[in-house]
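Work through the exercises below with the sequence and the model open side by side. Each task is followed by a solution that goes step by step.

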Amino acid sequence: MSTTPNNEYQNDTAYHRPVMLRECLEALDLQAGGRYVDVTFGGGGHSARILEHLSGEGHLYSFDQDADAEREAEKLARPQFTFIRANFRDLYTELQQYGALPVDSLLADLGVSSHQFDTPERGFSTRFDGPLDMRMNAEDGPTAADIINEYPEADLHRIFGMYGEVTNARTLAQTVAAARRGQTISTIAGLKKAIASCTPRGKENKYLAQVFQALRIEANDEMKALQEMLEQTAQVLRPGGRLVVMSYHSLEDRLVKNFMAKGKFFGEAEKDLFGHTNTPFEVLTRKPVEASADEIALNSRARSAKLRIAIRRPE
């Protein structure tokens, strides 16, 4: 079932280039008649290749809350495919409604799709000017501009430090609070100008990426949604089923690593009376799988990707 280098990127489109496509497909242990879930459809690169492996008995359920992703999913319409317009934090409820439980494997490719990054009006990228939006679902929830203009200074300090790991988070929060007095900061260019005094010389791109990451995570409640989704995977996967998760920053990866190894996000794993670790998953990747140098040369987004794989233990 492995793919060859010649066709590894055959589903690449201008919309999105899937990261570690071959590695993800192999990790899922795909079977023609299996039932699978892709909780992050995005541009459909992974979903399209999963569908190529399925027979008439197999089925793929793909989640995404983005209307653009829903339109992209229409290109894959076939009896073996169901697109679910929902946040993956609703994983169990949605699959239960479709009578799709349990599933054989689940894939989560976390982060922002290439299409979202490359669409200026979505506000995800520091490369363009556009509105400070950053919502995965552009039809619901607070925007990054709402956060910048309405959050108390103490909350800005918290999210810049926690989610962006910005070293001068307190100064940054003070600068934003001062800059928004008497005006509304509503665009990417406006935010860059407002925080220019905080941005280290020679490290502008990295710094702005950290700031934008913090705002995006807060706008989409990403850390909480990820925890809620992961907590449901033990209910969703059959014994022996695979959990395959690819993250792009340390905050996500830490949650995934801890959950797979300990069954919880913080603290030590629970043990039974005999001292055996009591967790729903067995970790198959002692170290995360990372993209090859060849792939990184083709797709710079793959540089930070870390792929972790676990198998659902018997009840």
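**Exercise 1. Describe the surroundings of aspartate 64.**

Solution. Start with the contacts, where contact means heavy atoms within 4.5 Å: leaving out residues up to four places away in sequence, aspartate 64 touches Thr40, Phe41, Gly42, Ala69, Phe83, Ile84, Arg85 and Ala86. Before going on, note that this is a predicted model, in which local features need pLDDT of at least 70 and side-chain atom pairs count only at pLDDT 80 or more, whereas totals for chains, interfaces and linings use all residues. Residues are numbered from 1 along each chain as its sequence is written, and side-chain values use heavy atoms, with hydrogens and water left out.

Aspartate 64 is buried, with a relative accessible area of 14%; buried means under 20% relative accessible area, exposed over 50%, and partly exposed in between (1.4 Å probe, protein chains only). Finally, the side chain of aspartate 64 reaches the backbone nitrogen of aspartate 66 at 3.0 Å.

**Exercise 2. Trace how arginine 122 is held in its surroundings.**

Solution. Arginine 122 sits in the loop between α5 and α6, and with a relative accessible area of 6% it is buried. Its side chain and that of aspartate 66 are joined by a polar contact of 3.0 Å, that is, a pair of N or O atoms within 3.5 Å, of which, within protein, one must be able to donate a hydrogen and the other to accept it, while residues adjacent in sequence count only if both atoms are side-chain atoms. Beyond its neighbours within four places in sequence, arginine 122 is in contact with residues including Asp66, Asp68, Gln116 and Met134.

**Exercise 3. Which residues have the most contacts inside the largest nonpolar core, and where does this core lie?**

Solution. A nonpolar core is a set of buried Ala, Val, Leu, Ile, Met, Phe, Trp, Tyr and Cys residues joined through side-chain atoms within 4.5 Å. The largest has 66 residues, and those with the most contacts inside it are Leu95, Phe160 and Leu215. Helix α10 (residues 204–220) gives the most to this core, with 8 residues. Domain 1 (21–114 + 222–312) and domain 2 (121–220) both contribute residues, so the core lies between them; the domain bounds come from an automatic or database domain assignment. As for leucine 215, its contacts, not counting residues up to four places away in sequence, include Met134, Ile148, Phe160 and Leu191.

Key. Helices (H or I, at least four residues) and strands (E, at least two) are DSSP runs, numbered from the N terminus.
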